[in-house]
Amino acid sequence: MRKVTTGGGWPAVWYTLRKAREVGGLRKLWRAMRSKNACKTCALGMGGQAGGMINEQGHFPEVCKKSLQAMAADMQGAIRPDFWSTYAIPQLQAFSPRELESCGRLTQPVIYRRGDDHYRPIGWDEALARIADKLRQTKPDESFWYFSGRSSNEAAFLLQLFARLYGTNNINNCSYYCHQASGVGLASAVGTGTATLELDDLDGADLVFVIGGNPASNHPRLMRTLMHVRRRGGEVIVINPVVETGLVNFSVPSDPRSLLFGSKIASLYVQPHIGGDLALLAGVAKRIDELRASDETYLNDCCEGWPEYAAWLRTLVWDNITRLSGVPREQIETIAERYAKAKHAVFSWTMGITHHAHGVQNVQAIANLALLRGMVGRPHCGLLPIRGHSNVQGIGSVGVSPKLKQAIFERMESYFQVTLPTQSGLDTLACLEAADAGRLRAGVCLGGNLFGASPDAAFAAGALAKLDLLVYLNTTLNTGHAHGLAAETIILPVLARDEEPQPTTQESMFNFVRLSDGGPARHEGPRAEVAMIAELAKRVLDGQTPINWRSMQDTSRIRQAIAATVSGFEKIGEIDRTRREFAIAGRVLHQPQFPTASGRAKLHAHELPELLGGDGQLRLMTVRSEGQFNTVVYEEEDLYRGQDRRDVILLHPSDVRRFGLRENQRVTVRSEAGALQGILVRPFEAIKPGNALMYYPEANVLVPRHADALSKTPAFKAVPVTLEASPLDTVSPADRKPAAPRVDRKPLSSC
Ligand SMILES: Nc1nc2c(c(=O)[nH]1)N[C@H]1C(S)=C(S)[C@@H](COP(=O)(O)OP(=O)(O)OC[C@H]3O[C@@H](n4cnc5c(=O)[nH]c(N)nc54)[C@H](O)[C@@H]3O)O[C@H]1N2
Ligand SMILES: Nc1nc2c(c(=O)[nH]1)N[C@H]1C(S)=C(S)[C@@H](COP(=O)(O)OP(=O)(O)OC[C@H]3O[C@@H](n4cnc5c(=O)[nH]c(N)nc54)[C@H](O)[C@@H]3O)O[C@H]1N2
Ligand SMILES: [Mo]
């Protein structure tokens, strides 16, 4: 398959038309996309009167393939009632992630009990009664509560409240697999865990760093902003071991000039080794110091640790920096020179930075570099973790975390007149480890795919299998429902955001709270998340707390509680009346006064880590393709990297030769955690030699459970692997298409 040379553009437009046909016409899709609901995909915060197509500055329309995919997925027909008796568990396990997603919408509660061959539909009353009974028989600290980032602030607040009053702090969200290192790193450096700037600030930036991310594919709407930085004569410096097509050239569909002629994005593209960022960022900082381009007044007045940090920079040896980063000294000097000239620099990053055993240190190193030139605490510059799920930030803000902030804890106790548990709670990976050790009995998952998202897939399946009860609240089927099976597993079907009967709210990565109106249900059967959570809480805790759980089915009642207990969210209490979306108070830093104990920012010196992998090994990153959203795969091909299927490993041609391999030869990829057989070797010029790329979630078989000690985020992007020729050898061209469904498929859903 040929690799495209530009991201976005006409393929994105044709794709819109194709998706529209699949869901019953352009008008239907357009109407769905225009409903006033925050966009379901990334956390850029699209919303407003024309729904997922207007950003916080009112730019419209922004076509994004991802939001269309997510919308079309929710507009699918219902899974047919005979699906459950037709497909036994081993057949569900044989479905690919894409096949599971395209089975259709979940509309009935279903139950699987160990020893059965199939899931079986059950009534709502029976499902909720069984869950409530089991929870009442379980010691609270033998349960865990996992949240994905798609649900509303209201559902998240209510479920964490229920779990705490039930008696546990084992409450966590997908952030522990995502941006936790950003939260921890930012808090240690500047005192806040979120972006220090707002969307408007980007309009004045003359240099944007894009580090360890592929926004052309994962945050397409950011591309318009990057295009404008270049049009203004500014710079975009990309740091990534892979030259991602869309970061070189992108056609912004809503901009006629860009759509026709394409837009240059990166003005400088730097390729470190996987895990080489810490050395690279330290090298840039060292050069800034050598050039005397640091802002001494700011560093002395507004920061702590400058003398120690400066002394450390001066001890660093260039040979070490270039060896550990994989970037030549001249290129590091070029980055520093361009940064030295910038007046307003923004530093953005994503998973290439956080998915490492030194993820927090990576984030601190980015903050160091920004602080060095006084780029935090002024308009038009700052630190910008580019978030993943559309409401992952909001879910964290309203209390989904093992430890509540002290202020929220106290206000929740006094507002609800309750006593909250104080024992320490477990992060996401720790929950799986506790389950594996037999210390947990029950789990509740609000959305997401805990099995598919976790490292070491064999371990994750084994850990979940040790539970007595696992409850999933989901919209569609995913690999977790097939492989993450407890002795009793119950799936409860939920309404998507734009089908909710009441308004809900979400928070963007720019700390902006959006209002979603909801809309008519597309299917009979799924229930609103809040209604279901309130009902379950009533069944488990009725009479034991002063809370009237039935009244908590009302989302405006929950918003009153959030307004009273979560600082910065006061305005959410009036949003039903005012309909005014708002920026959360106290987050954006336009003055160099930091919410740390001393009021100053802090610089951190680090030990530079050795590159992973010895002789005969490659460093493997596990990433997203252009056609997937996390564990949900919409298309097998990856247009931007020129791949027609997902069971591939991408290597630099020099590594293909070095290991004596051939294109399309099948290999076994082996790591400390496991092995994947029959993987096709694909030469890929765009990757830095010594490094390799595979697609998540399939590659989670290979990812060990090594996590960053400070943030508990697994090192999904740094897995040493070896390759062995596979007995299956080379694939014939006819076999190059994605594997045909391995089960006899009847029509799965009815529209
Ligand atoms: N289409 C689509 N959009 C999405 C998602 C999706 O799955 N599909 N997921 C959403 C979510 S939850 C998230 S968190 C974001 C994820 O957004 P990204 O972080 O952009 O996604 P990844 O595919 O994990 O890609 C990470 C990038 O990091 C680079 N990289 C890998 N290792 C390193 C390294 O050591 N150093 C550096 N500098 N770079 C490295 C890879 O080459 C790749 O370009 O996207 C969100 N948006
Ligand atoms: N190897 C490797 N592993 C990774 C990563 C990686 O880059 N490499 N990335 C990590 C990252 S960044 C993340 S964020 C995690 C993702 O982890 P999760 O958030 O746990 O997983 P998703 O695949 O986003 O969850 C998809 C499911 O969400 C459900 N869903 C969709 N909309 C709704 C809704 O409105 N309500 C409810 N209740 N359910 C809904 C659907 O049923 C769908 O199947 O994976 C992590 N795992
Ligand atoms: Mo994420």
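1. Ligand 2 and Thr622. In this predicted model, the side chain of Thr622 places an N or O atom 2.9 Å from a nitrogen atom of ligand 2.

2. Other polar partners of ligand 2. Thr475 brings a polar side-chain atom to 3.3 Å from a nitrogen atom of the ligand. Gly447 takes part through its backbone: a polar atom there is 3.5 Å from a nitrogen atom of ligand 2.

3. Surroundings of ligand 2. The ligand is surrounded by 30 residues. Tyr146, Ser148, Glu529, Thr631 and Tyr696 are the closest.

4. Domain layout. Four domains are assigned. Domain 1 covers 7–75, domain 3 covers 180–386 and domain 4 covers 618–730. Domain 2 is built from two segments, 104–177 and 416–578.

5. Domain 3 against domain 4. Their centres, taken over C-alpha atoms, are 26 Å apart. On the domain 3 side 26 residues make contact, and on the domain 4 side 27 do. The two domains bury about 2,100 Å² between them. Carbon and sulfur atoms account for 58% of that area.

6. Polar links across this interface. The rule finds one salt bridge between domain 3 and domain 4. Arg641 pairs with Glu244 in a salt bridge, with the closest N and O atoms 2.9 Å apart. Twelve residue pairs are in polar contact across the interface.

7. The domain 3 face. Helices α9 (180–190), α11 (215–218), α20 (351–354) and α21 (359–372) each supply at least two residues to the side that touches domain 4. That side has twelve nonpolar residues, 13 polar and one charged.

Conventions. Residues are numbered from 1 along each chain as its sequence is written. Chains are lettered from A and ligands numbered from 1 in the order in which they are written. This is a predicted model: local features need pLDDT of at least 70, side-chain atom pairs count only at pLDDT 80 or more; totals for chains, interfaces and linings use all residues. Side-chain values use heavy atoms; hydrogens and water are left out. Domain bounds come from an automatic or database domain assignment. Contact means heavy atoms within 4.5 Å. Buried area is the accessible area (1.4 Å probe) that two parts lose on being put together, summed over both. A salt bridge is a side-chain nitrogen of Lys or Arg within 4 Å of a carboxyl oxygen of Asp or Glu. A polar contact is a pair of N or O atoms within 3.5 Å; within protein, one must be able to donate a hydrogen and the other to accept it, and residues adjacent in sequence count only if both atoms are side-chain atoms. Helices (H or I, at least four residues) and strands (E, at least two) are DSSP runs, numbered from the N terminus. Ala, Val, Leu, Ile, Met, Phe, Trp, Tyr, Cys and Pro count as nonpolar, Asp, Glu, Lys and Arg as charged, and the others, Gly among them, as polar. A residue is near a molecule or strand if one of its heavy atoms lies within 4 Å of it.
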